[in-house]
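Here are my notes on this model. Please read them with the structure open beside you.

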Amino acid sequence: MLKEIRGKHFLIITILLFLVGGSLGYGQTVIPRDGFPYCEPFTSNTPRANTVFDGDPLQAVLTSGNGDPVDNGVLRLTSNQLNQRGWVFVDLPFSSAYGIKTSFEYFAYGPLTPNEPGDGFSFFLFDGTIDASTFEIGGLGGSLGYSPLRYSGGAFLGGYGLKGAYMGIGLDARGNWGNQYEGKLGGFENPFQYGSGLSPAFFPRYPNSIAIRGPVDPADLV
């Protein structure tokens with residue numbers, strides 16, 4: 001399923017990931033970081049500086065002049081093929097003391113299989129000490145690039161999710177972000193089944209939902 005972001009006039013936007021600075025104690029002076037507010041419409045083929053594009057197997061792309069008219073494009077995260085991850089983040093750490101305000105438009109269309117939507121996407125915060133050279137994305141599917149790739153039989157496969165994860169807001173179309181599948185801890189109550197797949201006793205789905213997940217210490221998962 002194709003997933004795209006169309007920016008408007010907003011603060012601090014990235015469709016997948018944000019950097020967040022360390023905690024602040026009383027008496028400390030907060031100095032705004034150069035580069036903010038971060039306003040990016042993603043309509044042209046030249047993004048702002050410090051905007052990092054990547055993906056697996058293909059990176060996220062700007063569609064201006066690449067399928068869409070010049071200067072009237074969007075940010076496309078993935079194609080409508082299986083096992084796609086595309087992400088963008090702003091490589092500028094900032095203090096969380098003032099909070100975060102953001103707005104954006106997005107749309108998803110063209111599922112590979114009719115009536116079987118793609119998973120969705122997530123909006124991330126992670127530790128500001130991590131830069132483009134040390135960044136590591138989370139898992140596929142219902143992990144939405146944030147949580148671990150998979151949890152099976154007491155063993156985690158594919159790491160522990162987004163490196164330095166601080167918070168993940170998942171806009172979940174298919175319904176696996178809100179359950180405990182893929183090694184996530186906690187989820188919605190009163191589960192129900194959606195679409196095809198295993199019995200809800202294995203991993204109940206919660207389609208068309210929005211949920212927030214926090215950081216997890218890997219030591220808590222063994």
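**Notes on the fold and its salt bridges**

1. The chain holds 12 strands and zero helices. Both kinds of element are DSSP runs numbered from the N terminus (helices: H or I, at least four residues; strands: E, at least two). In sequence order the pattern reads β-β-β-β-β-β-β-β-β-β-β-β.

2. A word on provenance. This is a predicted model, in which local features need pLDDT of at least 70, side-chain atom pairs count only at pLDDT 80 or more, and totals for chains, interfaces and linings use all residues. Residues are numbered from 1 along each chain as its sequence is written, and side-chain values use heavy atoms, with hydrogens and water left out.

3. Of the 222 residues in the chain, 41% are buried. Buried means under 20% relative accessible area, exposed means over 50%, and partly exposed lies in between (1.4 Å probe, protein chains only). The chain exposes about 11,600 Å², with 54% of it supplied by carbon and sulfur atoms. These areas come from the Shrake-Rupley method with a 1.4 Å probe. Take the contacts (heavy atoms within 4.5 Å) between residues at least 6 apart in sequence: 72% join residues at least 24 apart.

4. Strand 11 pairs with two partners, described here in turn. Pairing requires at least two DSSP bridges between the strands. Strand 8 (residues 120-127) and strand 11 (residues 165-172) run antiparallel, joined by seven bridges. Strand 11 also runs antiparallel to strand 12 (residues 209-213), over five bridges. D172 is the bridge partner of G120, and S209 in strand 12 is the bridge partner of D172.

5. Look at strand 3 (residues 51-56). T51, F53 and G55 point to one face and are buried. Strand 3 pairs with strand 6 (residues 85-90), antiparallel, over six bridges. There, V88 is the bridge partner of F53.

6. How many salt bridges does a search of the whole structure find? It finds two. The criterion is a side-chain nitrogen of Lys or Arg within 4 Å of a carboxyl oxygen of Asp or Glu.

7. One joins D56 and R85, at 2.7 Å from N to O. D56 lies in strand 3 and R85 in strand 6, so the pair ties together parts 29 residues apart in sequence. D56 is partly exposed at 35% relative accessible area; R85 is buried at 18%.

8. E116 forms a salt bridge with R174, the closest N and O atoms being 2.5 Å apart. E116 lies in the loop between strand 7 (105-109) and strand 8, and R174 in the loop between strand 11 and strand 12, so the pair ties together parts 58 residues apart in sequence. R174 is buried, with a relative accessible area of 15%.
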